[in-house]
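Please prepare a short briefing on the packing and the charged pairs in this model. Keep it brisk and group the points by topic.

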Amino acid sequence: MSNKKKMDKRQEKMTANTLTVAALQLGSDNRGTQATLENILSYKDQIRDTGCKLVVMPEALLGGYPKGQDFGARIGYRTQQGRDDYLAYWQQAITTDGPEVKALCALAKDTCCNLVVGAIEKAGTSLYCSVLYLSDQGELVGKHRKLMPTASERLVWAQGDGSTLPVLDTSAGRISGAICWENYMPALRQSLYAQGVEIWCVSTVDDREIWQASMRHIAYEGRMFLISACQYQPSPEEQGINTEWPDQQTLIRGGSVIISPMGDILAGPVCEQEGLITAEINLNEIVKARYDLDVSGHYARNDIFQLTVDARSKPGVSFNEQ
């Protein structure tokens, strides 16, 4: 075989691993989940036209992130208004077999795109901050429930368990990730690195500058592509809502970003607006990046450190029928 043909075949292999990925920066609509869903669906043509194979969306997008609410929690008692607020919040949450997920599955199939969507999921009367994984065939193929809600989030969100820590083979590569401050849990990251994740999908509402440093570090640590999608919500004044937040200050400013396995920013961060940001990536870059650092492979010291993951479901009550 001539050198030219060898080079052509090598180029074909490189090109075959090239795809377009995206972060969709949106905020939960204060009119409710249906309005938020309609806003997501309005991006169908843009997702299709850009040829995206993977789109990541923010934390708690469907159902809402109740920034600033305290749900009437006081030491020793709860207020009636707080109970009313929880009921209203619970009513906006979704179920995995509900109409919102069906609509998102249709969007994934129509655009031939894998979707990662943050949602508040209700199971009975409890709520979970979840991420749903939808394949480009229009199927719900995985779910992750946030393991550790942060600070006051624990008032309204239950804790997930080890049964919802998927690493999924998709047409866009092996995908997984963590929700917001779960990204600061080293053991969680290592458990997913060990399963060969190639694209780390982050749903968040953290809009601070230091978050950008964290995202670059994690992409560089895991030597993988990283997509961080953050909500954007205008000021309370613009939204026509009353909160203790300053009336004219942006509630959540965004900061969605796409990062390479070497920690370089490929797109974003975009702030103070909604929008779809995209980047073309080549999965071969992951292998090249891990040449000198593979934290679950040749750079691990399994003779010294061991991590055990309990992947069993932990229901509150188990019935043994014997």
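Aspartate 206 has a relative accessible area of 8%, so aspartate 206 is buried (buried means under 20% relative accessible area, exposed over 50%, partly exposed in between, with a 1.4 Å probe and protein chains only). Its salt-bridge partner is arginine 208, at 2.8 Å from N to O (a salt bridge puts a side-chain nitrogen of Lys or Arg within 4 Å of a carboxyl oxygen of Asp or Glu). Arginine 208 is partly exposed, at 36%.

The model is predicted: local features need pLDDT of at least 70, side-chain atom pairs count only at pLDDT 80 or more, and totals for chains, interfaces and linings use all residues. Residues are numbered from 1 along each chain as its sequence is written, and side-chain values use heavy atoms, with hydrogens and water left out.

**Salt bridges**

- The structure holds 16 salt bridges.
- Lysine 146 and glutamate 59 form one of 2.9 Å, N to O. This pair links distant parts of the chain, 87 residues apart: lysine 146 is in the loop between strands E7 (140–145) and E8 (168–170), glutamate 59 in the loop between E2 (52–56) and E3 (73–74). Strands (E, at least two residues) and helices (H or I, at least four) are DSSP runs, numbered from the N terminus.
- Both lysine 146 and glutamate 59 are buried.
- Glu59, Lys146 and Glu153 are linked in a network of salt bridges.
- Glutamate 121 meets lysine 143 in a salt bridge of 2.9 Å, N to O. Glutamate 121 lies in strand E5 (residues 114–123) and lysine 143 in strand E7, so the pair ties together parts 22 residues apart in sequence.
- Glutamate 121 counts as buried at 5% relative accessibility; lysine 143 counts as partly exposed at 23%.

**Nonpolar cores**

- Leu54 and Ile199 touch the most other members of the largest nonpolar core, which has 39 residues. Such a core is a set of buried Ala, Val, Leu, Ile, Met, Phe, Trp, Tyr and Cys residues joined through side-chain atoms within 4.5 Å.
- Another core, of 25 residues, lies apart from it and includes Leu24, Leu26, Ile47 and Val117.

**Glutamate 274**

- Glutamate 274 sits in the loop between strands E14 (265–271) and E15 (275–282).
- At 36% relative accessibility, glutamate 274 counts as partly exposed.
- Beyond its neighbours within four places in sequence, glutamate 274 is in contact (heavy atoms within 4.5 Å) with residues including Gln25, Tyr43 and Tyr232.
- The C-alpha atoms of glutamate 274 and glutamate 198 are separated by 26 Å.
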